[in-house]
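Have the structure open while you read.

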Amino acid sequence: MTAKNGLPHSGRTALVTGAGRGLGRASALRLAAEGATTLLVGRGHDALDAVASEIAAAGGEAGAIVADVSEAADIGRLVGEAGQIDILVNNAAAEEQWAPIVMAEIDSWRSIFDVNVFAPVQLIKAFAPGMADRGYGVVINMSSIGGRQPAPFLATYGASKAALDMVSRTAAMELAGSGVRVNSIASGITDMGKTYELLPPGLLADVGRIIPAGRLATADDIAAAVSYLCSDGAAYVNGQILVVDGAMTSGQWSTMTVMTASMSAS
């Protein structure tokens, strides 16, 4: 399949989970602007409708499917409603309990893995065979630099993202040659509402100064990476973890460095 009208994703259908806000919203808007019919999945009907309206106002096509991907019944229903898709963006994520391993509740581990690992696996199982039969498909698993470097109190989240990266790499190998590609995007700390719900603004300001790029990532930075990996220009990119973090993890940078700088500044 080739792009039409100069739009790289024209003629393709993309399903994006967690599409009501943040990285999911930005990715859905980008894919729709570049020609994809976009299916928005999330738990909030109003948020999905708002994104769908943005897409329609810009001349794109979008539909909304309200579903909780931590629930098997909801996944079965959304698969039935979605039908045939060409692009799957597994973006929905559960957040960290913010507790040391010796204190983190096992139920917290289970709930985070349900969304961050098991939901993507179930959606890959549901959609990848059809993609392979048609000879084309792209799966993007939204990961994090938290899955690459350990950070205190973030064990459950980091472990779930490390597991998701292994899912990406293994699925890529198993599906290689079928026309289906699977990659992860390991995003850095991103300047968006959800980040500010988790970390103090003062700490985030210090992080932005210390990152080699001199700023936090934006949702558009990550959406651009999603678009690239879904494009024909990335046809030979498979089984990779694309790190989009402004060189944050390229050297001896660490969470403790930021915390130390933050405490010194105060």
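In which sense do strand β1 and strand β4 pair, and over how many bridges? In this predicted model, β1 and β4 run parallel, joined over three bridges.

| Strand | Partner strand | Bridges |
|---|---|---|
| β1 (residues 13–17) | β4 (residues 87–90) | three |

Within the second pair, Leu40 sits opposite Ala64 in β3. To get from β2 to β3, the chain passes through helix α2 (residues 45–57), and this β-α-β crossover is right-handed.

Zooming out, the seven strands make an open sheet with parallel pairing, in the order β3-β2-β1-β4-β5-β6-β7. β3 and β7 (241–244) are at the edges with a single partner strand each, so one side of each has no neighbour in the sheet. On average, neighbouring strands are turned by 20 degrees against each other, ignoring direction.

Now for the helices. Helix α1 (residues 22–33) lies across β1, β2, β4, β5 (137–144) and β6 (180–187), and runs at about 170 degrees to β1. Helix α4 (residues 106–134) also packs on the sheet, where it touches β1, β4, β5 and β6, with its direction at about 170 degrees to that of β4.

Last stop: the second largest pocket, which holds about 180 Å³ of space. Its lining has 13 residues, with Gly179, Val180, Arg181, Ala235 and Tyr236 nearest the centre. By type, the lining splits into six nonpolar, five polar and two charged residues.

Key
Residues are numbered from 1 along each chain as its sequence is written. This is a predicted model: local features need pLDDT of at least 70, side-chain atom pairs count only at pLDDT 80 or more; totals for chains, interfaces and linings use all residues. Side-chain values use heavy atoms; hydrogens and water are left out. On a 1 Å grid over the protein atoms alone, a cavity is a set of points where a 1.4 Å probe fits but cannot get out, and a pocket is an open set with protein on both sides within 12 Å along at least five of seven lines; lining residues have an atom within 4 Å of a point. Grid points are joined across faces, edges and corners, and a volume is the space filled by probe spheres set on the points. Ala, Val, Leu, Ile, Met, Phe, Trp, Tyr, Cys and Pro count as nonpolar, Asp, Glu, Lys and Arg as charged, and the others, Gly among them, as polar. Two strands pair if DSSP finds at least two bridges between them. Helices (H or I, at least four residues) and strands (E, at least two) are DSSP runs, numbered from the N terminus. A crossover is right-handed if, with the strands pointing away from the viewer, the path from the first strand over the helix to the second runs clockwise. Axes are lines fitted to C-alpha atoms, for helices over the stretch in contact, and angles run from 0 to 180 degrees between N-to-C directions. Contact means heavy atoms within 4.5 Å.
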